[in-house]
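Please read this briefing with the sequence and the model open side by side. It takes the topics one at a time.

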Amino acid sequence: MNTIQVCTDYLQKFISKKELDAIASEMLAAKKTLLSGSGLGNDFLGWVDLPQDLDSSIISSIKSDVKRLTPSAQLFVVIGIGGSYLGARAVIEALQSEFASMQSDGSHPYIIYAGHTLSEDYYHQLLQLLDTRDYAVAVISKSGTTTEPAVAFRIVKGHLEKKYGKAAAAERIIAVTDAQRGALHDIAQQEGYRTYIIPDNVGGRFSVLTPVGLLPIAMAGYDIDRLLAGARDMREVCIQNDDIQSNPALLYAAVRNILYRNGRKVEILENFVPQLRYISEWWKQLYGESEGKDGKGILPHSLSFTTDLHSMGQYVQDGERSMFETVISVAKPTHTVNIPADAQNLDGINYLLGKSLTEINHNAELGTIMAHVDGGVPVLRIELPTVDEYTLGQLLYFFEFACGVSGYMLNVDPFNQPGVEAYKKNMFHLLGKPGYEKI
Ligand code: PA5
């Protein structure tokens with residue numbers, strides 16, 4: 001199996017073997033709590049077995065929806081916020097061309113996003129685009145009551161119905177929501193939309209391997225069977241293996257908790273290939289919402305290198321020493337680009353001839369890690385053999401499993417997000433929503 005690995009070679013200055021040995025029993029206890037379902041939030045552990053338990057009829061339905069909508073839809077609008085869009089976007093942006101919006105070959109719709117913002121200009125621009133394109137829509141909300149996607153769906157639904165007529169519009173809408181509750185569930189029932197269920201026991205930020213993520217990823221033309229295969233293989237490694245050194249999720253959870261207890265309050269997830277930036281956005285929600293509570297939790301931050309070395313590199317090298325870095329390192333690119341020879345060498349880069357861009361990028365990565373370690377920043381590396389559906393499936397499951405274990409090590413409920421309600425209450429009060437007259 002071409003498995004992702006966690007490399008701790010650059011942590012030796014910061015973590016001793018004694019510390020790792022000392023935390024091992026605590027970590028195995030957290031793993032046991034997770035797998036036995038005896039911990040906080042144990043109503044939301046459905047994600048643990050999803051890669052193997054997902055009903056194959058769901059995959060078949062998704063594939064037939066892709067077939068049905070692909071010829072007629074140039075765009076597929078994914079309406080959702082937080083866990084209802086970040087996982088899909090992370091995978092799609094990791095796999096598609098950076099220039100996909102300009103280059104689509106028409107074999108699959110190009111995925112665009114809504115419901116993750118309340119910006120009026122955003123919706124104006126979206127509607128202008130939708131005027132000129134054929135499109136279909138997935139509206140995704142576990143609760144079915146979240147304001148941002150509800151507003152976006154009302155706007156887009158109105159546009160779609162005006163453009164195609166009510167009956168044809170309904171054929172172009174797919175709802176992904178709770179089996180029984182919520183306004184979206186009720187609308188979908190009333191309008192007869194095709195609907196996928198988000199299992200009760202899977203929370204939003206852990207739902208990428210349900211139709212929440214799988215439908216948009218398949219619609220974009222990517223292989224969801226391979227994604228699930230990667231997650232399934234990683235699940236085996238995470239669950240079967242109690243050896244901290246060879247179980248990547250346990251090693252990651254252990255290291256970040258040791259560093260946190262040693263005063264490292266910020267984790268920066270870094271990549272050296274920009275297509276992984278939405279993996280970072282998804283990861284930030286996963287860890288931020290799962291751990292940031294009860295006055296505790298590592299602050300998840302992210303940077304894209306080498307780009308951000310020219311904006312944030314100074315801070316990481318010399319600023320306050322409260323962070324550690326987790327670098328996602330990709331071994332093999334999908335494509336090759338040669339640096340052309342130039343006899344004049346006016347730009348002075350002929351010394352790079354004969355080296356691949358990836359070799360240059362890997363040396364930038366190594367040079368950065370060495371400099372940051374010298375500057376007093378612990379660096380952990382997650383090695384990805386390449387970026388494809390299979391390795392991304394592994395990566396997603398790896399992060400989820402480590403998050404569950406890590407949350408229990410912090411002694412919080414990793415599966416709730418009570419703090420998210422505070423802004424909503426104020427906003428509802430300010431906007432005059434019935435029932436929120438007093439705050
Ligand atoms: O992790 C979670 O459950 C949340 O962050 C949700 O993903 C987010 O709030 C969106 O909720 P919903 O899918 O109910 O619209």
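**Parallel sheet**

Val-139 stands opposite Ala-175, a residue of β5. The model is predicted.

- Strands β4 (residues 135-141) and β5 (residues 173-177) pair in the parallel sense. Their pairing runs over 5 bridges.
- Helix α9 (residues 183-191) packs on this sheet and touches β4, β5 and β6. The direction of α9 makes about 145° with that of β5.
- The open sheet has 5 strands, in the order β3-β2-β4-β5-β6. Its pairing is parallel.
- Which strands stand at the edges? They are β3 (110-114) and β6 (194-197). Each has a single partner strand, so one side of each is left without a neighbour in the sheet.
- From one strand to the next, the twist averages 20°.
- Helix α7 (residues 147-164) lies across β2 (75-79), β3, β4 and β5. Helix α7 runs at about 155° to β4.

**Mixed sheet**

- Another open sheet is formed by 5 strands in the order β1-β10-β9-β7-β8. Here the pairing is mixed.
- The edge strands are β1 (5-7) and β8 (299-304).
- The twist averages 25° from one strand to the next.
- Within this sheet, β7 (residues 266-271) pairs with β9 (residues 323-332). The sense is parallel, over 6 bridges.
- Leu-269 stands opposite Thr-326, which is in β9.
- Helix α15 (residues 357-374) packs on the sheet. The strands that α15 touches are β9 and β10 (379-386). The direction of α15 makes about 160° with that of β9.

**Ligand site**

- How many residues are around the ligand? There are 13. Ser-84, Ser-141, Ser-143, Thr-146 and Gln-285 come nearest.
- The shell around the ligand divides into 1 nonpolar, 9 polar and 3 charged residues.
- A side-chain N or O atom of Ser-141 is 2.6 Å from an oxygen atom of the ligand.
- For Ser-143, a side-chain N or O atom is 2.7 Å from a ligand oxygen atom.
- Gln-285 has a polar side-chain atom 2.7 Å from an oxygen atom of the ligand.
- How much of the ligand does the protein bury? Taken alone, the ligand exposes 390 Å². The protein buries 88% of that.

**Backbone features in loops**

- A cis peptide bond joins Phe-305 and Thr-306. Its omega is about 5°.
- Thr-306 sits in the loop between β8 and α14 (313-318).
- Asn-345 is not a glycine, yet its phi is positive, at about 50°.
- Where is Asn-345 placed? Asn-345 is in the loop between β9 and α15.

Terms used. Residues are numbered from 1 along each chain as its sequence is written. This is a predicted model: local features need pLDDT of at least 70, side-chain atom pairs count only at pLDDT 80 or more; totals for chains, interfaces and linings use all residues. Side-chain values use heavy atoms; hydrogens and water are left out. A residue is near a molecule or strand if one of its heavy atoms lies within 4 Å of it. A polar contact is a pair of N or O atoms within 3.5 Å; within protein, one must be able to donate a hydrogen and the other to accept it, and residues adjacent in sequence count only if both atoms are side-chain atoms. Accessible areas come from the Shrake-Rupley method with a 1.4 Å probe; for residues, only the protein chains shown count as cover. Ala, Val, Leu, Ile, Met, Phe, Trp, Tyr, Cys and Pro count as nonpolar, Asp, Glu, Lys and Arg as charged, and the others, Gly among them, as polar. Two strands pair if DSSP finds at least two bridges between them. Helices (H or I, at least four residues) and strands (E, at least two) are DSSP runs, numbered from the N terminus. Axes are lines fitted to C-alpha atoms, for helices over the stretch in contact, and angles run from 0 to 180 degrees between N-to-C directions. Contact means heavy atoms within 4.5 Å.
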